[in-house]
Amino acid sequence: MSDKMKKTILLVIFGFIGGMVINCMFMMDSIAGLINGTGDLTVGRFIFFLLMGGIFGAVNCGSSIIYDIERLSILGATLIHFLIVFTMFFGFGFTLWGFEIDDVMVWVLFVCMVIAYFIIWLILYTTYKKEIRKLNKELENIKKDTTDQKGE
Amino acid sequence: MSKLIDICVQVDPAYGSPHVIIKTDRRSPLIDKIIDAIERCTEEEDPDVVCYSDDTVVFLNSEDITRIYSENRKIMVCSEGKTYRSRQTLAELEEKLDESRFVRISRFELVNIRMISGFDLSMAGTIKVSLKDGTETWVARRYVRTIQEKFMSINQGGKDHE
């Protein structure tokens, strides 16, 4: 099994567990109701939502392996990851979670997602920009040393 | 002496280095073995890189090599505007060549550090390296840190030498 495959599997597992935990946090009230025997959440629905959260987390985390594909630029990888998460999130939202197209909150979520991914791209871009600057500086020093040696 | 091969040595002061011509009616595995044996002897004597242009064997001074890259499962060596093939793998060439002169920029490419003009990051986030002969190629993101460390160790080595 290649290193990339192993990393993908670890990311999927981590994402699955993380997704379930985060989903539980959002469902705290409903879980409390389930435990007390009040509210409309059943055990079956709880397990269903838990699994959905896990799958969402697994896909979200697992697909971040896309940044390891060297053929893709940072922008390309970010766009593809955004599309995967967007499709999954709004797919679940409109089919399972009752999203409606004229709901303002849906549009707010969309804008938040776009901003979040823009920030991800910006952080990665500025990090590599800084690294390239260091590389060019070190290269200048090497060239300077080579010129000095030739001068001698 | 084997009946398969006739070996004739002509000593001529006009030749500064040995000039080998193999006369045969057709290319065969035996001919390839003879060429390999000559290459091995040459590599032991001289660390220059043995390359091929069509059927001609060319010995390249590593200082003149701009970059070495893999393309369609072949190893290509660029030097002074021309491109040659090598029978060695990229890993073998990387091991053989002076590590202070060549740096791996991706899984498929080695570049002569002295031939690098500079690095640049595009808006899309791809890292471009420009070479002095006008060639542009791409650096894999995972190799950026390795390249940095190599440059720093070269500079540190220079300072230690002083």
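Student: What does the contact take from chain B and chain A?

Tutor: The contact takes 25 residues from chain B and 25 residues from chain A. This is a predicted model. Heavy atoms within 4.5 Å make a contact.

Student: How is the size of an interface often given?

Tutor: It is often given as the accessible area lost when the parts come together. Here chain B and chain A bury about 2400 Å² between them, and 58% of that is on carbon and sulfur atoms. Leu121(B), Arg141(B) and Asn155(B) supply 29% of the area that chain B buries against chain A, more than any other three residues.

Student: What makes Asn155(B) count as buried?

Tutor: Its relative accessible area is 5%. Buried means under 20%, so Asn155(B) is buried. Asn155(B) lies in helix H3 of chain B. Leaving out residues up to four places away in sequence, Asn155(B) touches Glu138(A), Asn141(A), Ile142(A) and Asp145(A).

Student: Why is the pairing of Arg142(B) and Glu70(A) called a salt bridge?

Tutor: Side chains of opposite charge can pair when their charged atoms come close. The side chains of Arg142(B) and Glu70(A) meet at 3.1 Å, N to O. The cut-off is 4 Å, so the pair qualifies.

Student: How do you know that the pair of Glu131(A) and Arg145(B) joins two chains?

Tutor: The side chains of Glu131(A) and Arg145(B) meet in a salt bridge at 3.5 Å, N to O. Glu131(A) lies in helix H5 (residues 104-151) of chain A and Arg145(B) in helix H3 of chain B, so the pair joins two chains.

Student: Are Glu131(A) and Arg145(B) buried, partly exposed or exposed?

Tutor: Glu131(A) is at 9% relative accessibility and counts as buried, under the 20% limit. Arg145(B) is at 47% and counts as partly exposed, since that class runs between 20% and 50%.

Student: What does the salt bridge of Glu109(B) and Arg67(B) tie together?

Tutor: The closest N and O atoms of Glu109(B) and Arg67(B) are 2.5 Å apart. Glu109(B) lies in strand E7 (residues 109-112) of chain B and Arg67(B) in strand E3 of chain B, so the pair ties together parts that are 42 residues apart in sequence. Glu109(B) and Arg67(B) are both buried.

Student: What makes Asn72(B) count as exposed?

Tutor: Asn72(B) has 70% relative accessibility. Exposed means over 50%, so Asn72(B) is exposed. Asn72(B) is found in the loop between strand E3 (65-71) and strand E4 (74-79) of chain B. Asn72(B) is not a glycine, yet it has a positive phi of about 50°.

Student: Where is Arg73(B), and is Arg73(B) buried or exposed?

Tutor: Arg73(B) is in the loop between E3 and E4 of chain B. Its relative accessible area is 85%, over the 50% limit, so Arg73(B) is exposed. Phi of Arg73(B) is positive, near 65°.

Student: How do you know whether Ser63(A) is buried or exposed?

Tutor: The relative accessible area of Ser63(A) is 11%. That is under 20%, so Ser63(A) is buried. Ser63(A) is found in the loop between helix H3 (43-62) and helix H4 (74-95) of chain A. A polar contact of 3.1 Å joins the side chains of Ser63(A) and His81(A).

Student: How many helices and strands are in chain A, and how does the radius of gyration of chain A compare with the globule rule?

Tutor: Chain A has five helices and zero strands. Its radius of gyration is 23 Å, well over the 15 Å that the globule rule gives for 152 residues, so chain A is more spread out than a compact globule. The C-alpha atoms of chain A fill a box of roughly 90 × 40 × 25 Å along the principal axes.

How values were computed
Residues numbered from 1 in each chain as written. Chains lettered and ligands numbered in written order. Predicted model: local features only at pLDDT ≥ 70, side-chain atom pairs only at ≥ 80, totals over all residues. Heavy atoms only, no water. Buried area = accessible area lost by both parts, 1.4 Å probe. Helix = DSSP H or I, 4+ residues; strand = E, 2+ residues; numbered from the N terminus. Rg over C-alpha atoms; globule rule 2.2 N^0.38 Å. Buried < 20%, exposed > 50% of the residue type's maximum accessible area, 1.4 Å probe, protein only. Polar contact = N/O pair within 3.5 Å; in protein donor to acceptor, adjacent residues only side chain to side chain.
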